[in-house]
Amino acid sequence: MKLYLPHEICIEQGEENAPVVQRALARLPHVPVRIVEKGWEHEDRSLLSADAFATGKRRLFFTRQRSTFLEHCPAGTSGLVCCNYLVVSLISNCPMDCSYCFLQEYLINNPTLKVYTNVGDLLQEVGKALDRQPTRHFRIGTGELSDSLALDPLLGFSADLVPFFASRSNALLELKTKSHCVDELLKLDPKERVVVSWSMTPSAIIDTEEHGTATFAERLSAAQRVQAAGYKLGFHFDPLIEYPDWEYGYRETIAQIFSALDPTRVAWVSLGSLRMTPALRTTVRRRFPRTRILAGEQVACADGKWRTFQALRVKMYRSILGWLREAAPQVPHYMCMETAAVWDKVFGYTPRADKDVAQMLTGGKG
Amino acid sequence: MSLLADQLQAYAQEKRLSEQTLRRWQSWSAEDQAALLTMVQELQLGENHLRDFCDWLDDIIARDGGTVSALLLRSELQHPLGLKLSRNDKVKAVKAALRKLRYPRLSQLEEDLRAAIKALDLGERVRVSFPPALEGDEMTVEIKARNVRELERSLLQMQRKLRDGSMQHVFALLDEV
């Protein structure tokens, strides 16, 4: 994986001295820098280009988050089983460019790769939320609007986040990535409060659909390094992509992961079918005309998203769950954005409430 | 501009196709453009049907390889064109055939279910249906009756089919691919 190198750094006036800006400038000494006014990105004419989403990724824009950081994971859509996950976003948009990425649609009007400078505000906000409910066990992730670690060599956010969560007893931080950027993490002590998780797909999919991400071997090697450094691991087989050799591909991938790592130090594994809104499918067709991910037997579901049709989807879940249980029987598994009916078919039970899934993943304290 | 390009433009104007759909069509090889033009002229497809055709053709090619022109010559798609049907029925028939190629396993499952329901022989007053694209696991059974005797007859037949396992077979099929 090539490390991200922006064409330009833009800094909102007044944010020049923020620690994250100073770190990035020190690590990117040759990249042109421009000081811009607040709200500049909304008038950026370069984003009128045919592929504004890609253009937006090439510029690194430092600004303040003026809204709240902590949000409920948007996967908690009505009618689907939810796992009570919370997200915080220090970055909006991602240096990688997976063909199926929902950000292509979600950030269509706001694609500039933004980095929020006020990490102190985030920590304060999260701290207050954790203090308000001391008996609740929180799972909080940073990988919703960007990759959690791909920019860490430039931004070093892990040095702010890991010590904070290491000092809190009622929360787990999840850093979700498709990168191999773990060097900063190795310098820190997570004290069992940080899960570093990788999104995993067979190499055939990584190589053709997950542009700019680490290879499978790089991800696995990074996972070995962070596990050795005391971090818990997570894996997300999400999106599960149906392609002609999917059975071989996923089986091999699972076998390789669990033969290289200690399964007793894996906090969770999730499964989630490829899902796309009709608008996202249109965008994907335009941006990636050679992609094969749309060629699976996907149909419109009740929530308006397209997924592999249910019988085939359930077959995929059951097969993959079987291989996971064979390789790592003690690891908790769950599904993302699925109906109670599909849970029942795959796991043989339907969680009574969202809390059930959260409790399973946090050892009964969700 | 070439003759083919003119023909595409003329068709797009006549059917008020969107720029996006026309551009997509024009991005194909000349042979593929021409093959689709022949078919859409025959079927007089408008924007929505044409977009479905383009999506499905692109998806099949992405999955199986080959070319649009070769695909459109397949007997499954050519056969309905030769039938004495109204234009609407021809569109339906060609689209159904194309959907079968686009969704082979889903179509097979739908066919198996239709066959299993037919084999239940529940009579004309009982209608069994499934959610669109089998997305969901509920079967809907609708019974029409003009009097108690008709209702009883339908329910007894259903009960027999429950006892002999044929109903169970239908539910099991919903899970099979």
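Predicted model: local features only at pLDDT ≥ 70, side-chain atom pairs only at ≥ 80, totals over all residues.
Me: At what angle do helix H2 and helix H4 of chain B pack?
Reply: Helix H2 covers residues 19-26 of chain B and helix H4 covers residues 47-64 of chain B, with their axes 11 Å apart. H2(B) passes H4(B) in a left-handed crossing. The packing angle is about 35 degrees.

Me: How many charged residues are in the contact of H2(B) with H4(B)?
Reply: From H2(B), the contact uses Thr21(B), Arg24(B) and Trp25(B). H4(B) brings Glu47(B), Leu50(B), Arg51(B), Cys54(B), Asp55(B) and Asp58(B). Three of the contact residues are nonpolar and one is polar, while the charged ones number five.

Me: Now to chain A: which are the edge strands of the open sheet of eight strands?
Reply: The strands follow the order E4-E5-E9-E10-E11-E13-E14-E17 in chain A, with mixed pairing. An edge strand here pairs on one side only. That picks out strand E4 (71-72) and strand E17 (333-335) of chain A.

Me: What is the bridge partner of Lys176(A) in E11(A)?
Reply: Strand E10 (residues 171-177) and strand E11 (residues 194-199) of chain A pair in the parallel sense, over five bridges. In E11(A), the partner of Lys176(A) is Ser197(A).

Me: What angle does the direction of helix H9 of chain A make with that of E11(A)?
Reply: Helix H6 (residues 158-166) of chain A packs on the sheet, touching E9, E10 and E11 of chain A, and its direction makes about 150 degrees with that of E10(A). Helix H9 (residues 216-228) of chain A also packs on the sheet, touching E11 and strand E13 (232-240) of chain A. With E11(A), the direction of H9(A) makes an angle of about 170 degrees.

Note on methods:
Residues numbered from 1 in each chain as written. Chains lettered and ligands numbered in written order. Heavy atoms only, no water. Pairing = 2+ DSSP bridges. Helix = DSSP H or I, 4+ residues; strand = E, 2+ residues; numbered from the N terminus. Contact = heavy atoms within 4.5 Å. Axes fitted to C-alpha atoms, helices over the stretch in contact; angles between N-to-C directions. Left-handed = near helix turned anticlockwise from the far one by under 90°. Nonpolar A, V, L, I, M, F, W, Y, C, P; charged D, E, K, R; others polar.
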